[in-house]
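Here's a quick walk through one protein chain, written to be read with the viewer open. Take a look at the fold before going on.

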Amino acid sequence: MDLYAGIAKESKQSTLVRESQSLIQNLFCGIRLLGFRRNAIAQAIATHNQLALLVAFYSLTALAISYSLTSEPTFDLFGLSYLGVELLIVLMVGFVVTKVTHNRDHLLLFLVLAYSVLPFLYLISFVALPQLPDDYLEMGYTIYAVWSFLVCFFLALQLLDSRKIRAFLLAVFWMSATYPLVNMPFSFWYEDFDYSSVMDAYSNADLSYINQEDVYYSQYRLLNNALSAVEPGKEGVTDLFFVGFGSDAAQDVFMREVGHVQRAMNKNLGASGRSVVLINNLKTIDTTPLASASNLRIALSHVGGKMNREEDVVFLYLTSHGSSDHELSVNMWPLELNDVRPEDIKAYLDDAGIRWRIILISACYSGGFIDVLQDDHSLILTAAAADKASFGCTHENEYTYFGEALFRSLDDRPYQFIENFSEAIEKIRQRELSENLTPSEPQLFIGDSMREKLKLLEQDMVRYAPERFAAY
């Protein structure tokens with residue numbers, strides 16, 4: 001019995017080794033097809049076991065890669081629907097191949113070849129291409145689409161014995177059939193979000209007293225109270241004005257962060273008497289102006305009228321959720337408010353006559369604001385690159401990761417903007433690395449004229465606040 005058991009075990013092991021070697025050979029065949037190498041098809045091993053292994057390898061590749069690319073991933077079966085639709089498309093194209101070649105064996109061969117190529121196409125389209133700079137994304141995807149078509153044409157050409165017209169038509173059919181997949185995300189994971197905290201923020205008890213008409217009509221009074229306290233700039237001194245904008249009421253972190261930043265600006269950076277905040281939150285709805293696009297425009301216009309435009313600087317801090325199409329969420333349910341785009345911010349600053357601008361944006365994908373906002377007289381610091389998420393925007397937090405790195409622990413030395421901002425970027429990088437998070441890649445832009453202006457601002461912050469910097 002032991003002898004037969006040993007033979008059976010060896011047989012299973014040898015089968016496993018053989019199938020694994022065949023899988024590697026088929027994947028190598030897929031690489032050769034992507035490189036348009038002749039005789040690649042002849043090296044393919046077309047068996048049902050290999051087809052099953054290739055589909056499994058492709059699925060596991062997508063499972064692992066999409067997991068690594070998703071922040072706080074939660075499993076979602078939607079990825080199976082993508083696989084199912086894709087398999088039906090490949091089967092349909094394979095059926096056409098058998099009809100054209102009059103060879104049923106070509107169906108299994110075609111399926112094996114298709115799934116030898118698909119894992120590598122997935123890695124290119126979902127991992128490599130999104131890493132391209134924004135300026136090259138469109139060109140990158142265009143090249144990828146043309147290359148994919150040529151791969152389909154080359155594969156069809158091999159199966160159809162070099163009949164070019166039929167191979168071309170089959171490639172066109174194949175690419176057309178896959179078009180529905182373009183708008184379907186292929187991921188087994190979605191980013192987790194604690195909706196309970198949002199529901200707590202919007203409990204019936206809190207909403208019961210909200211009168212939307214009163215809220216809208218109270219904005220004039222609240223704005224007037226907040227803006228009338230803003231003092232004018234002093235002639236001959238580079239003063240710093242602060243405007244804070246916490247615009248998503250769903251999570252208290254944005255309200256808290258704007259409050260913390262305003263206190264730091266007043267105490268540490270000399271903005272006391274020249275700061276105003278706009279906040280969307282149920283806790284402040286009766287006392288603080290809403291963080292709406294209109295209120296931001298009015299606040300900046302008022303500050304622009306109070307400052308000496310040739311010498312003073314405005315520090316604009318915006319914190320909220322950001323979208324991949326580069327809009328800042330403005331949310332105060334049940335009110336209907338417009339999201340803010342980088343074009344809006346630029347227009348508000350331009351219309352207010354604000355020349356010297358320090359703009360900080362704590363939001364996902366906020367790097368996408370830089371191209372529109374940058375000029376020679378601006379400094380722009382964003383919590384993330386244009387295609388990256390930032391972290392820390394949970395309901396219970398005092399700060400986002402971005403705000404905490406910048407303002408939580410300011411020491412009693414003269415503030416150096418570029419130095420402090422660069423240190424904050426490094427703190428964020430180290431924290432994300434230690435927590436095994438996908439890097440947010442904060443972005444810093446500094447105009448040449450602004451570099452010189454910051455030196456004057458930093459000098460005046462010390463010169464006119466001796467009690468703050470007495471040790472220096």
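Between which two elements does the loop that holds Pro 334 lie? The loop runs between β5 and α12.

## The model at a glance

Keep in mind that this is a predicted model. Confidence averages a pLDDT of 85 over the protein, and 88% of the residues score at least 70. The stretch to treat with care is 466-472, where the pLDDT is below 50. Even so, in the model that stretch has 14 contacts beyond near neighbours in sequence.

The chain has 472 residues, and 49% of them count as buried. Take the contacts between residues at least 6 apart in sequence: 74% of them join residues at least 24 apart.

In soluble globular proteins, nonpolar side chains tend to be buried together. Here the largest nonpolar core has 48 residues, and the members that touch the most others are Leu 33, Phe 110, Leu 113 and Leu 159. Helices α1 (2-34), α2 (48-68), α3 (78-101), α4 (105-128), α5 (134-159) and α6 (164-177) each give two or more residues to this core. The top contributor is α4, with 13 residues.

Setting aside residues up to four places away in sequence, Phe 110 touches Val 90, Val 93, Gly 94, Val 97, Leu 155, Leu 159 and Trp 174. Apart from this core lies another one, made of 42 residues, including Ile 210, Phe 245, Val 303 and Val 314.

## The loop between α11 and β5

Now move to the loop between α11 (293-306) and β5 (313-319), which is where Asn 308 lies. Is Asn 308 buried or exposed? Asn 308 counts as buried because its relative accessibility is 18%, and the cut-off for buried is under 20%. Its side chain reaches the backbone oxygen of Lys 234 at 3.3 Å. Once neighbours within four places in sequence are left aside, Asn 308 is in contact with Gly 233, Lys 234 and Glu 235.

Glu 310 sits in the loop between α11 and β5 as well. Its side chain meets that of Arg 355 in a salt bridge, at 2.7 Å from N to O. This pair links distant parts of the chain, 45 residues apart, with Arg 355 in the loop between α12 (342-351) and β6 (356-362). Glu 310 is exposed, at a relative accessible area of 57%, while Arg 355 is partly exposed at 34%.

The structure holds 14 salt bridges. One of them pairs Arg 357 with Asp 350, with the closest N and O atoms 2.4 Å apart. Here Arg 357 is buried, with a relative accessible area of 5%, whereas Asp 350 counts as partly exposed at 38%.

Another salt bridge joins the side chains of Glu 404 and Arg 408, at 3.8 Å from N to O. Glu 404 is partly exposed at 27% relative accessibility, and Arg 408 is partly exposed at 46%. There's also a network: Asp 252, Arg 256, Lys 283 and Glu 398 are joined by salt bridges that share partners.

Most residues other than glycine have a negative phi, and most peptide bonds are trans. Back to that proline, then: the peptide bond from Trp 333 to Pro 334 is cis, with omega near 15°.

Tyr 365 lies in the loop between β6 and α13 (370-373), and is partly exposed with a relative accessible area of 24%. Glu 441 also has a positive phi, near 55°. Its place is the loop between α15 (417-434) and β8 (443-446), and Glu 441 counts as partly exposed at 37% relative accessibility.

Terms used. Residues numbered from 1 in each chain as written. Predicted model: local features only at pLDDT ≥ 70, side-chain atom pairs only at ≥ 80, totals over all residues. Heavy atoms only, no water. pLDDT = per-residue confidence, 0-100. Contact = heavy atoms within 4.5 Å. Core = buried A, V, L, I, M, F, W, Y, C linked by side-chain atoms within 4.5 Å. Buried < 20%, exposed > 50% of the residue type's maximum accessible area, 1.4 Å probe, protein only. Helix = DSSP H or I, 4+ residues; strand = E, 2+ residues; numbered from the N terminus. Polar contact = N/O pair within 3.5 Å; in protein donor to acceptor, adjacent residues only side chain to side chain. Salt bridge = Lys/Arg side-chain N within 4 Å of Asp/Glu carboxyl O.
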